[in-house]
Amino acid sequence: MTLKFLDEFRDPALAQRLAAAIHAEVDPARAYRLMEFCGGHTHAIFRYGIAQLLPPNLRFIHGPGCPVCVLPIARLDHALALATEHDVTLCSYGDLLRVPASKRRSLLKIKAEGADIRVIYSTQDALQIARANPDRQIVLFAIGFETTTPPTAVALHIARAEQLRNFSVFCNHVLTPAALRCILGDVAPNRVQLDGILGPSHVSAVIGTHPYDFVAQEYQLPVVVTGFEPLDVLQAVLMLVRQCNAGRCAVENQYTRAVTAEGNRKAQALMAAAFDIRETFAWRGLGELPRSGLQLAADFADFDAEQRFAVTPGATKEIAGCECPAILRGMKQPPECKLFGRVCRPENPLGACMVSSEGACAAYWRYRRSE
Ligand code: SF4
């Protein structure tokens, strides 16, 4: 059976034709350094061997778009403290469970010690657990970029409508444009040299393409929003090469089957009602970024786990030798970390970039460790 929008975007013959077009149009006298913002693109590039199809002077640089990877250890410590100090039921997506917190603790370890940690597949699961357990406090550990923010907003609206008083949200949602602005605004020696950006399609389906206009206008860099199938990525690379060659800097949309310039207005309205922008939020690797994270709006303060439960997480301890911060900034590649493959592997991850299914270290280990 052929799956529409899937098999047709994995066609090997079309991939070869796109790769040939890129080879024909790439100028051998210059470099093309393209940052894929999102970890989903990183995995697509490795999984389908896209880099090997392209000329050597065209290089991918991995960006910070992995929600698990950019969650700072302090926020993870906070979640652990919520689960242990208050005897709440903490609902989390599965890829957070093994991420090391301070002192090598994790959600999985405290679950083994008796904490009530539940793996959920959607925010609706957390609501259902709250309905089924009216005598327990249920906390949704909410993380992610604009892709996963609307479902959290929907859960909050439902919880308020149903007056689910035993439900609350520990909010760690972050904003894509703020992270891009941080990376592009860095100064030497932290500034990564780029010639173009591959923008994430799932985030852009929500926010649209307009929020990237500043990248083209202020930083003179071309942007192409693209999907996660191999033909999507190859076509976006060709579009970026053409912009680079023409000296153009525009925001273009390869993923027209789901992304518009304005985005999903209904989702934006739900988010705007449920969340306010924090003055500042700490990111792993990028540090404190102004107006880069969300908190619950005043209308939803009754559902804010940070207000409902005071915690004392203690001092945060970073993982010695872990290069996740430099990798998330595009300054280093995973094999440049001394721990990569020696002590840090998927079965014994030391940093978030090796745990997460979207992490760059996990992608290198899975697809390119033999190189
Ligand atoms: S290999 Fe492990 S320790 Fe090194 S940067 Fe990646 S996640 Fe961190």
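Trainee: What does the side chain of D11 do at the start of helix 1?
Mentor: A side-chain oxygen of D11 reaches to within 2.9 Å of the backbone nitrogen of A13. Keep in mind that this is a predicted model.

Trainee: OK. How many residues does helix 1 have, and how far does it reach?
Mentor: Helix 1 covers residues 12-25, which is 14 residues. From first C-alpha to last, helix 1 reaches 20 Å. That is close to the 20 Å expected at 1.5 Å a residue.

Trainee: Which residues of helix 1 are buried?
Mentor: A15, L18, A19 and I22. They cover an arc of only 100° around the axis, so they sit on the same side of helix 1.

Trainee: And which exposed residues are on the face turned away from that buried side?
Mentor: A13, R17 and A24.

Trainee: What do the buried ones pack against?
Mentor: Helix 3 (50-53), strand 2 (58-65) and helix 12 (230-246).

Trainee: How many bridges join strand 1 to strand 2?
Mentor: 6 bridges, with strand 1 being residues 32-38. The two strands run parallel. For a specific pair, take C38: its bridge partner in strand 2 is G65.

Trainee: What about D195? Where does it lie?
Mentor: In the loop between helix 9 and strand 7.

Trainee: Buried or exposed?
Mentor: D195 is buried, with a relative accessible area of 11%. The cut-off for buried is under 20%.

Trainee: Which side chain does D195 have a polar contact with?
Mentor: That of R30, at 3.4 Å. Leaving aside neighbours within four places in sequence, D195 also touches others, including Y32, L34, P222 and C244.

Trainee: New topic. What is the order of the sheet with 4 strands?
Mentor: The order is 4-3-5-6. This sheet is open too, and its pairing is parallel.

Trainee: Which strands stand at the edges there?
Mentor: Strand 4 (116-120) and strand 6 (167-173). Each has a single partner strand, so one side of each is left without a neighbour in the sheet. Neighbouring strands here are turned by 25° against each other on average, direction ignored.

Trainee: Which strands does helix 5 touch?
Mentor: Helix 5 (residues 73-85) packs on the sheet and touches strand 3, strand 4, strand 5 and strand 6. Its direction makes about 170° with that of strand 6. Helix 7 (residues 123-132) packs on the sheet as well, touching strand 3, strand 4, strand 5 and strand 6. The direction of helix 7 makes about 170° with that of strand 5.

Trainee: Last one. How do strand 11 and strand 12 run?
Mentor: Antiparallel, joined by 4 bridges. Strand 11 is residues 280-283 and strand 12 is residues 287-290. F281 stands opposite L289. Their hairpin has 3 residues between the strands, and G285 takes a positive phi near 90°.

Conventions
Residues are numbered from 1 along each chain as its sequence is written. This is a predicted model: local features need pLDDT of at least 70, side-chain atom pairs count only at pLDDT 80 or more; totals for chains, interfaces and linings use all residues. Side-chain values use heavy atoms; hydrogens and water are left out. Two strands pair if DSSP finds at least two bridges between them. Axes are lines fitted to C-alpha atoms, for helices over the stretch in contact, and angles run from 0 to 180 degrees between N-to-C directions. Contact means heavy atoms within 4.5 Å. The expected span of a helix is 1.5 Å times one less than its number of residues. Buried means under 20% relative accessible area, exposed over 50%, partly exposed in between (1.4 Å probe, protein chains only). The arc is that of the directions from the helix axis to the C-beta atoms. A polar contact is a pair of N or O atoms within 3.5 Å; within protein, one must be able to donate a hydrogen and the other to accept it, and residues adjacent in sequence count only if both atoms are side-chain atoms.
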